[in-house]
Amino acid sequence: MTDVILEKVGKTYPNGYQAIPSVDLSIEEGEFIVLVGPSGCGKSTLLRMVAGLESISTGELRIRGERMNEKEPAERDIAMVFQNYALYPHMSVYDNMAYGLKNRGIAKNLIEEKVSDVAKMLGLTELLQRKPRQLSGGQRQRVAMGRAMVRDPKVFLFDEPLSNLDAKLRVQMRVEIRQLQRKLGTTTLYVTHDQVEAMTLADRLVVLNKGKAEQIGTPMDLYNKPATPFVAAFIGSPSMNLIDATLTEQGVKISEALTLPLSHQHRGDIVWGIRPEHLEVSDEQNGDFALRIQAVESLGAETLIHGKIETESANGESMVVRLSGPHLPDVNSLMWLTAPMSHWHLFDAKTQQRL
Amino acid sequence: MTVTFPQKGLPWLLLLPQLLVTAIFFLWPAEQALEQAFYQEDAFGLSREFIGLENFIDLFTDPLYYQSMLTTLVFSFSVAIVGMSLALFLAVMADRVIRGKLAYQTLLIWPYAVAPVLAGVLWWILFDPSMGPIALWLKSAGVDWNHYLDGNQAMILVVIASTWKQISYNFLFFLAGLQAVPRSLIEAAAIDGASPFKRFWTIVFPLLSPTTFFLLVVNLVYAFFETFGVIDATTKGGPGQSTTTLVYKVFDDGFVGLDLGGSAAQSVVLMAIVGLMTVIQFRFIERKVQYS
């Protein structure tokens, strides 16, 4: 069943600035959708429009079939977790969680029951009488989630909830959020700028760029078949090698001296891409091209090699190669590589669309 | 950070002007008052006699003194509560204004720059029973306004005049306090189903409590000690004793009634009250509620 529908939803500010031209998205019940993009891409604005904290300029938002554009945030049956948690500092953890229920006139004993259930689920039982300032970052994060869960809303909205935590806690909370969402089966819309967070959490990802949905799909769809160079560069770490090239009868012409053979109908300027992990080490006879090594980053489990494609005219394209295990090639030496055709990504340079 | 001066004399030299002002205008008169409180002096200041605690005994057996104390309490709490409520209301309104925000804020700060006596005179003219526009309007509305005869009306007048001056100060602090409340808290409360009214009383107002408490102390101190000019310009403590606050009584008894010893004893009591309020202010405001 479709739970949340955004139909040509757009946002134009009173000063004429168009933050979001038009976004279409339909979310299934229980689905975990992540909105991801660089800062200023409009992802938070979109989330706040769903929450009712920003007005919707054009288009329509429907939750369970009901038009929500004119509804107050409280009437939309949503719960939101804010980046800074937005816990009420003068209230205890219990009161923070009970506030929304009290406002809805729910009986006191029922509130107690619900709060203690959620507190148990999140391991907050011991902390119910504490004030937010007496909690650690991770605990505050849990309270913020508890406050959202206790109301049992139709939709959870998360606005970069993990960005204030340290790296270790972030990974831990990421796993916890995913498990909780699975268990509760609540439709979730989650905003982040971190592509790892996005890939690991999402059932489906929405990559936003300048207020437009560049691509919507499962994390693997986006990884395997990015629709645009923007998505290709954004998903995956280190990001995909993208090189301006020309498609000719002979194949992909990267420079005067280097053409990778390919038979393709399309002609003209393209962007040729290959992920760092898909390049393979080769030798002079079998290699497609050579890389002049500029830097080596050894991470133990993998090694990242940065270099430039070796050409006569000294200004070759930069490339990153990701090899598993430790490697220690000399800086400034040449490394021959093959680029398997099955891992190529071709984009039209003009339309920025996948070929 | 500690700054070290090469010579020991320079820091004292830099402090000297402030120390001089404090010594001449605060410490010396305070010492004089303390001394005078134990003497009885003739009206011309030619001779005096040590009488021990008699001035204090007279003071605390005088029903008029208690009357004045009550007047001061009524006056001070009225000024503090009326002034703070209005200022909070204005601050909430100003916080919501989007267009012309600065103009509203500037206009609301102006009264603070008006000298107390001028403020007193202004309200005195507005409420003058025979020609004041507000008094005439009240009369046409059926209220028989004459603060020269009616003690309660005189009290209302001094409360209005004193409050008006203090609203700007309260407004500034409340506005700053309101702007320091994170927007996301209000938004979270909105999602939690709280009406705007409820959001204000359950989220914003409690978060303003450090500001509110600070302003309460400041307003009480203001009403106690800094409203002499306003009272002198509007009612001169009258009619009868109805607007004679403790500070006004010091002046009235000392410089009008020429009971210098009794007046000095009253100032000593006031000094003790100031000291107490300062202690309260520091004890509680330093320890004000911390929100992270």
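**A helix pair in chain B**

So, look at helix 7 of chain B: Ser162(B), Gln166(B), Asn170(B), Phe173(B), Phe174(B) and Gly177(B) there meet Thr211(B), Leu215(B), Asn219(B), Tyr222(B) and Ala223(B) in helix 10 of chain B. By class, that contact has five nonpolar, six polar and no charged residues. Nonpolar here is Ala, Val, Leu, Ile, Met, Phe, Trp, Tyr, Cys and Pro, charged is Asp, Glu, Lys and Arg, and the others, Gly among them, are polar. "In contact" is C-beta atoms, placed from the backbone, within 7 Å. Helices are DSSP runs of H or I with at least four residues, strands are E runs of at least two, and both are numbered from the N terminus.

Before going on, this is a predicted model: local features need pLDDT of at least 70, side-chain atom pairs count only at pLDDT 80 or more, and totals for chains, interfaces and linings use all residues. Residues are numbered from 1 along each chain as its sequence is written, with chains lettered from A and ligands numbered from 1 in the order in which they are written.

How do the two helices pack? Helix 7 (residues 151–180) and helix 10 (residues 209–225) of chain B sit at an angle of about 160 degrees, axes 11 Å apart. Those axes are lines fitted to C-alpha atoms over the stretch in contact, with angles from 0 to 180 degrees between N-to-C directions. Helix 7 and helix 10 of chain B are therefore roughly antiparallel, a label for angles over 145 degrees.

**Where the chains touch**

Now the interface: 16 residues of chain B are in contact with 18 residues of chain A. On the chain B side, helix 8 (183–191) and helix 9 (196–207) each supply at least two residues. Helix 8 of chain B gives the largest share, six residues. By class, this side of chain B has ten nonpolar, three polar and three charged residues.

**Chain by chain**

Chain B comes to 13 helices and two strands, in a box of roughly 75 × 70 × 30 Å along the principal axes of its C-alpha atoms. Of its 292 residues, 29% are buried, that is, with 20 or more other C-beta atoms, placed from the backbone, within 10 Å of their own.

Chain A has eight helices and 20 strands, and 37% of its 355 residues are buried. Its C-alpha trace spans about 80 × 45 × 35 Å along the principal axes.

Note on methods
A residue is buried if 20 or more other C-beta atoms lie within 10 Å of its own, exposed if 12 or fewer, and partly exposed in between; C-beta atoms are placed from the backbone. Angles under 35 degrees count as roughly parallel, over 145 as roughly antiparallel, 65 to 115 as roughly perpendicular and the rest as oblique. Two residues are in contact if their C-beta atoms, placed from the backbone, lie within 7 Å.
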